[in-house]
Amino acid sequence: ERLVEWIAYHFHVLDLRYLVVGVDYNSATSPADILRRWNQTGRIQTYIWNTSDVTPVDKVDGLNNRQNHFDFACLQEMKRLNRSWVTIIDTDEYITFNRFSHGDPTLLELNFSQYATTTRDNLIRARTRLPITGGDTTAYSFIQQESDNLPWAYQSCVPMFRLQFGLRETPISQLEREDDLSLPAGHKTTDYYTTRYFQHRPKGSCNKNCKGKTMIDVSRIPDDHLIHSDYNPHGGAT
């Protein structure tokens with residue numbers, strides 16, 4: 001259920017066009033039907049990788065083991081296909097532009113970074129150029145526009161900070177007051193994960209929001225940095 005919205009969201013926000021879905025070996029469901037519908041549109045290339053495709057049989061136990069092997073295999077494949085920016089996230093994670101908002105702890109630093117002199121100052125100023133999520137500018141087109149600026153010009157790995165949202169749904173009365181939730185006729189804010197949860201932990205609190213994810217330009221990563229420590233040159237994953 002969540003995957004349907006997840007793909008549609010990132011198709012528009014990220015300009016997602018190539019997707020590899022990892023299916024854990026003890027999964028009770030398959031995303032095959034959902035991915036087939038997208039493949040038939042010709043707008044996204046989607047692929048399913050099972051645990052046995054990328055994880056050695058003696059490393060199947062332990063979720064972290066399986067995830068690590070999938071991550072390395074995915075990055076290697078993207079590198080082989082001459083892809084550039086890649087990210088590995090879960091279906092309960094949605095990427096959005098980290099624009100300044102009311103109460104943002106970094107907002108106070110804007111006054112001190114008018115004349116940027118450090119990398120941090122430049123990155124703070126760069127956030128002021130972020131577009132609105134759901135607008136005409138996708139994440140990929142924004143990266144292209146900013147290709148000569150920090151962090152995209154020089155970094156192969158760009159961190160994405162995490163903001164954890166709670167399971168408590170935002171009251172309908174509050175949703176109806178949100179400015180940017182004009183949905184097409186026949187659709188309600190309560191129909192979608194991305195429009196019915198607005199309560200989250202404090203922005204800027206790394207301890208409460210846990211570690212974030214990373215966007216990686218695999219074209220800049222040396223091949224030998226994408227080899228898992230369990231790699232066996234004399235045998236496959238199975």
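**Ground rules.** I am working with a predicted model, where local features need pLDDT of at least 70, side-chain atom pairs count only at pLDDT 80 or more, and totals for chains, interfaces and linings use all residues. Residues are numbered from 1 along each chain as its sequence is written, and side-chain values use heavy atoms, with hydrogens and water left out.

**Confidence.** I looked up pLDDT, the predictor's confidence in each residue, from 0 to 100. The protein chain averages 82, and 83% of the residues score at least 70. Over residues 231–238 the pLDDT stays under 50, and the model has 8 contacts (heavy atoms within 4.5 Å) for them beyond four places in sequence.

**Pairing.** I took strands as DSSP runs of E, at least two residues, numbered from the N terminus, and called two of them paired if DSSP finds at least two bridges between them. Strand 3 (residues 85–87) runs antiparallel to strand 5 (residues 213–217) over 3 bridges, with Trp85 bridged to Asp217. Strand 4 (residues 157–160) also pairs with strand 5 in the antiparallel sense, over 4 bridges; there I found Val158 opposite Met215.

Which order do the 3 strands of the open sheet take? I read it as 3-5-4, with antiparallel pairing. Strands 3 and 4 are at the edges with a single partner strand each, so one side of each lacks a neighbour in the sheet. The twist from one strand to the next averages 25 degrees, with axes as lines fitted to C-alpha atoms and angles running from 0 to 180 degrees between N-to-C directions.
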